Amino acid sequence: MKQWLFSGNMVAKFGLLILFIGVGFLLKYAAERVTVPIEVRLAAVILADMALLAFGWRIRATRRAIGLPVQGAALAILMLTVFGAFQRYQLIPASMAFALLFILTAFTCLLAVLQNAVWLAVFGIAGGFAAPIMISTGQGNHIALFSYYALLNAGILAIAVKRSWRMLNLLGFVFTFIIGTGWGVLQYSPENYLSAQGFLILYFLFYVGLALAHAARQAPQMKEYVDATLVFATPVLAIGLQYALVRDKQFGMALSALALGLFYAGLAIVLWRRRGANQKLLIDSFLAMGVVFGTLALPFALDQRWTSGAWALEGAGIVWIGLRQKRVLTWMFGLLVQAGAWISFVAALAGIDIGTAANSNVWLGFLLLAGAAFAMAVNFRAQEGSRGFLRTANVFLALAALWLLGGAWAEVIVNAERLDAVLGTLLVASAMATAVVLALIARRINWQIARAFALCAQLLGGAALLYLALFHWSSVLGAERMLAGALMICAGALFSGWTAHRTLADRRGRWLAASLLGWGACWWFGPVLVTVAEWAAPLVKVFNVIDLYLIGTALCALTFARAATRFDWPAMRFVSASAWVALTAGTCGLLRLVYEQSARLPGASVWMTFAVLWAAGEYLLAYWAARAWALNARVLKALHVVRTVGPWLLIWPVAIRSINTWLFGMPVEQQELLAGAGWRVSGDWARCLTVWLMMAALFWLAGRGRSERWPTTPVAMWYRNALIPIGTAWALMMTVVWNLQQDGAMAPLPYLPILNPLDLTTGFAALLAITCYRARGADAAAPAVAAVLAKLPTVAKFAAYAWFNLMLLRTAAQVLGIDYHVDALAASQVVQSMLSLTWCVTALIVMRRAGRRDDRAARLRQWLTGAALLAVVVAKLFIADLSNVGSMARIVSFVGVGVLMLIIGYLAPFPAAAPAPEPDSVPA
């Protein structure tokens, strides 16, 4: 930025900046003091826009790519100007604005046709459709509005005769039906029926005519002459709007659908007679819609259940005939009729209440549709030579299974009030029965996909049971009512998984068997075991429900581990990992319990549960290792974290509460007697002794890890490189915090430098860090880790010097009788002088020792370290010590530091460079 401002043509750059500022001031002045009438401004805009339009028209032949956009922009500006004059400034009435916008629309379309510019026509038609909306006052006449839109659609039809512009046709279609539908939703009333019906028929005929015009122009050129959007969307939207008009009239939709079917059938016949060879696809489309709308007349005239039954029989027969005669359109139409039967049946069920459904034997309808779907599945499967038929057969088999299961469930649900106690059991039993039927089909006719559908039926049964448990049953009754269903699901999943394990040897089979095993295990360790634990808790009063569930999980996990060996099903071993999951959950829960409850420790049942979980986890670790079952390295490390770090973390709350109970748990009378005698015990003893215990555990783990014995095997190196260093870091962090917060005194012992509990804790932590550093250094490390390890001795030196300073401050606080706090220590002149002299002596020692090193680079680096410390001392003299006006401490500081600096200058000057070698002498 600086280079840009002060290099190059600086005069021009600053001139532009000044000119810009001047123009900004001029514009602001003009805006505040000069006002041009709006009429003059709009007139100027129109004149300039007319010139722009004339320019675009003039270059239409030579620069078409520029001329057409210029014309479009000019016409858009004219439309916006008219709209602004009416809407914003109220300069012209609505009728004049409407007329001007219509003229501009017609003029735009004329220019588009003359220049063969479809996008210009699209812009004009869009403006024409938007004109009534832009100038609307909310009080218009719908007959005038739709008559105007009829004129626009007539114009589009006229253009379609000359130009094959599909985009323009679609634009008119979208605008017409969207605006018409919006008016119908917001403004329609029954007294407008005749006019609305007339305009709907007129617009319908317009867009049928547009489809015919488009086909007439495109068919001779062998292009895509069937505009699918206009051909199919027009009757669909028209019949939808017609339904809104005649839904309250008896047989209104039936007659409308019949009339529409006859219209399309008649139109197809007329086209076949006149242009049968050129427009066969369009004729087939019209004929298909005639048949479809004729079929739709049936449900509008009859009851839905009768309709669904008739359509199901009709669709099955049409499909059978179409497949036998190899007529694709025939059997595809049969599929549509069958789908209509299903939709009609579902709609009929949605329209009846529970009481009527309970007395109507709706399961017969489900069974009929299931049989029809199965028959169609068998027919499609019997066709050879196409994978598409097989896929269709699979789809219909799935639908047949759904209808079968849906019928059973519907019968159960409609009778749910009297079957509420066994509702979940019946739903699951129905799903299992459907699965059995599908399994028999798969076995009898060798249809493998039926096995997959059988598994899906089991999954649906489980989903239904879960839904009831979560949203229908209360928490008290849910577990009992789930037990039978959960056992069926679990048994079915385990049996299916065992079958897949025996019969399918490929990778997919193994994955399927493992998935089913996991599904069954979820139900076993979920509803089944929870229900058993809730049932057993009142009988076994020692343990609560959670304890019994965790113990049961551990025992079941051991059983699954044994079963994996007994049945030679290796995937089952992963189910035994539930004991480790339970151990993790139990450890986390116990840690939360003991850390949140400060009053007392948990009861014996909790510790017994944790012991069972820990023992089961240890047994499984040994069992897996003995059978060489592979376990992911990360998972193994996570397990060691849970079973080692968890108990280690329990030491803190358990030891603290036990020691506090031992120290302060005596009766009140004895406490008062001791207090009167001057006996006082510090509360910090509990924390101090607890940290010593935890560090002792880390020392023990470090020794076991060094010899690679239990509990560190088989990840002893990970213990040495990760777990023990993390624990050591925690111990060092605790000592740092305590060194900064505590003064070292711990009653009833007197304060002694170095021999007080705080300094002893610091020493133990330092020994632990040294042990950890040596164990880590014995293992091969990456270059980055090795570089970090190489710097740790230097860090340790600085840490030791920091501890030495803190020890001096604690000693001074004890001797001087001041608080061990930053403010109190900083306010003490003696402490400030002591620190200045101590640091200066340290600098002297460091700089003096630097002169004894042989390597000049190392000598210079050490000397500069001492010089930096000396600079800190000097800065401290003028910032802190200088404020102590008139005190002896300040004199001592300055004199002592001065003398020491003279000694440093004499004994440890700046290291001189090595003398340069003398050049060889040249003889005269």
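Ala628 lies in the loop between α24 and α25 (633-664), where helices (H or I, at least four residues) and strands (E, at least two) are DSSP runs numbered from the N terminus. Ala628 has a positive phi of about 55° although it is not a glycine. With a relative accessible area of 68%, Ala628 is exposed; buried means under 20% relative accessible area, exposed over 50%, and partly exposed in between (1.4 Å probe, protein chains only). A positive phi of about 55° is also found at Asn446, again not a glycine. Asn446 belongs to the loop between α18 (423-444) and α19 (449-472) and is exposed, at 52% relative accessible area. Most residues other than glycine have a negative phi, and most peptide bonds are trans.

The model is predicted; local features need pLDDT of at least 70 and side-chain atom pairs count only at pLDDT 80 or more, while totals for chains, interfaces and linings use all residues. Residues are numbered from 1 along each chain as its sequence is written, and side-chain values use heavy atoms, with hydrogens and water left out. The predictor's confidence in each residue is given by pLDDT, from 0 to 100. The protein chain averages a pLDDT of 76, and 70% of the residues score at least 70. Over residues 1-29 pLDDT stays under 50, and the model has five contacts beyond four places in sequence for them, a contact being heavy atoms within 4.5 Å. Over residues 920-924 pLDDT also stays under 50, with zero contacts beyond four places in sequence. Where pLDDT is low, the predicted coordinates should not be read in detail.

The protein chain contains 34 helices and zero strands. Of its 924 residues, 40% are buried. Among contacts with a separation of 6 or more, 69% join residues 24 or more positions apart.

The bond from Trp710 to Pro711 is cis, with omega near 10°, and Pro711 lies in the loop between α27 (684-706) and α28 (716-741). The bond from Thr713 to Pro714 is likewise cis, with omega near 5°, and Pro714 is found in the loop between α27 and α28.Helix α10 (residues 228-246) has 19 residues and reaches 27 Å from its first C-alpha to its last, close to the 27 Å expected at 1.5 Å a residue; the expected span is 1.5 Å times one less than the number of residues. At Thr234, α10 bends by about 25°, and a proline, Pro235, follows within four residues. The bend at a residue is the angle between axes fitted to the seven residues ending there and the seven starting there. The buried residues of α10 include Leu230, Val231, Thr234, Pro235, Ala238 and Ile239. An α-helix has 3.6 residues a turn, so residues three or four places apart point the same way.

Helix α21 (residues 507-536) holds Ala514. This helix, α21, has 30 residues and reaches 41 Å from its first C-alpha to its last, close to the 44 Å expected at 1.5 Å a residue. At Leu529, α21 bends by about 35°. Ala514 counts as partly exposed, at 34% relative accessibility.

The structure holds 25 aromatic pairs. Rings of Phe, Tyr and Trp (its six-membered ring) pair if their centres lie within 6.5 Å; planes under 30 degrees apart count as stacked, over 60 as edge-to-face and the rest as tilted. The rings of Trp498 and Trp569 have centres 5.8 Å apart and planes at 50°, so this pair is tilted. Trp498 lies in helix α20 (residues 475-503) and Trp569 in the loop between α22 (545-566) and α23 (578-596), so the pair ties together parts that are 71 residues apart in sequence. Trp498 counts as partly exposed, at 26% relative accessibility, whereas Trp569 is buried, at 4% relative accessible area.

Trp580 and Trp624 form a tilted aromatic pair, 5.2 Å centre to centre with 55° between the planes. Trp580 lies in helix α23 and Trp624 in helix α24 (residues 604-626), so the pair ties together parts that are 44 residues apart in sequence. Both Trp580 and Trp624 are buried. One aromatic cluster is formed by Phe574, Trp580, Tyr619, Tyr623, Trp624 and Trp629. The charged end of Arg627 sits over the ring of Tyr623, 3.6 Å from its centre; a charge sits over a ring if NZ of Lys or CZ of Arg is within 6 Å of the ring centre and within 35 degrees of the ring normal. The charged end of Arg566 sits over the ring of Phe567, 5.5 Å from its centre.
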